Every structure is written in structure tokens, then in C-alpha cells.
Amino acid sequence: MRARGLVPIHLDQLYHLPHTDWVSRPEDEFAALHDAAIMGPRGVIDGNYSRLLPQRLQRATGFVLLDVPTSVSLYRYIRRCR
């Protein structure tokens, strides 16, 4: 990704406070970080947060949708929560 000049943007890293056990940032702070991150010239975004999707779609040149079965998603969630 970096070899192609793409910056990875992980929305979970913006949404959760660093060095905490998944403590969320205040909504306005997350929105400001999100909006600043998507203003870069080239990036790949990992995450959903659909309430901020309109801003991302305005700047998007492509869209990848992973259609993962619910059973697989639940298994992965449970495995991460151990």
C-alpha cells in the first residue's frame, strides 16, 4: 500500500482513545479526526462508521465492499473478545 503512495486510515484507531481498552472518543473529536484524515491526497480507509460515510463518499474514487457472512463475523468477534 505504501509503495503505491497510499496512506492507510484505520477508523477504529481514530474512534478509540489510544492506550485504553476500546474507550470511545467524544463524537465531535472523532468527526474532526475523521474529516482531517480523509482530506489527504491518497488513502485507503478501513472501517465503517456509517454516520460519517457521506464525507468519505464525496472524496472516494473507489469502493470495496466485503460481504462476510454473519456467522464468520460473529466467530471473529467472539475470538477477539477472549
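**Pocket, core and aromatic cluster in a predicted model**

The lining of the largest pocket divides into 19 nonpolar, eight polar and seven charged residues. Here Ala, Val, Leu, Ile, Met, Phe, Trp, Tyr, Cys and Pro count as nonpolar, Asp, Glu, Lys and Arg as charged, and the others, Gly among them, as polar. The model is predicted: local features need pLDDT of at least 70, side-chain atom pairs count only at pLDDT 80 or more, and totals for chains, interfaces and linings use all residues. Residues are numbered from 1 along each chain as its sequence is written, and side-chain values use heavy atoms, with hydrogens and water left out.

The largest pocket has a volume of about 1400 Å³. Of its 34 lining residues, the closest to the centre are Ile 45, Asp 46, Gly 47, Asn 48 and Val 64. β1 (7–10), β2 (43–46), α3 (53–59) and α4 (70–81) each supply at least two residues of the lining. A pocket is an open set of points on a 1 Å grid over the protein atoms alone, where a 1.4 Å probe fits, with protein on both sides within 12 Å along at least five of seven lines; lining residues have an atom within 4 Å of a point. The volume is the space filled by probe spheres set on the points, which are joined across faces, edges and corners.

The protein has four helices and two strands. Along the sequence they follow the pattern β-α-α-β-α-α. Helices (H or I, at least four residues) and strands (E, at least two) are DSSP runs, numbered from the N terminus. The C-alpha atoms fill a box of roughly 40 × 30 × 25 Å, taken along the principal axes. Of the 82 residues, 16% count as buried. Buried means under 20% relative accessible area, exposed over 50%, and partly exposed in between (1.4 Å probe, protein chains only).

The largest nonpolar core has eight residues: Ile 9, Leu 11, Leu 14, Tyr 15, Phe 30, Ala 31, Tyr 49 and Leu 52. α1 gives the most, with three residues. Such a core is a set of buried Ala, Val, Leu, Ile, Met, Phe, Trp, Tyr and Cys residues joined through side-chain atoms within 4.5 Å.

Three aromatic pairs were found in the whole structure. Tyr 15 and Phe 30 form an edge-to-face pair, 4.9 Å centre to centre with 85° between the planes. This pair links distant parts of the chain, with Tyr 15 in helix α1 and Phe 30 in helix α2, 15 residues apart. Both residues are buried. Ring pairs join Tyr 15, Phe 30 and Tyr 49 into a cluster. Rings of Phe, Tyr and Trp (its six-membered ring) pair if their centres lie within 6.5 Å; planes under 30 degrees apart count as stacked, over 60 as edge-to-face and the rest as tilted. Beyond four places in sequence, Tyr 15 touches Val 23, Ser 24, Arg 25, Glu 27, Phe 30, Tyr 49 and Arg 51. Contact means heavy atoms within 4.5 Å.

The loop between α1 and α2 holds His 19. Phi of His 19 is near 60°, a positive value in a residue other than glycine. His 19 is exposed, with a relative accessible area of 85%. Trp 22 is in the loop between α1 and α2. Trp 22 has a positive phi of about 65°, although it is not a glycine. At 58% relative accessibility, Trp 22 counts as exposed.
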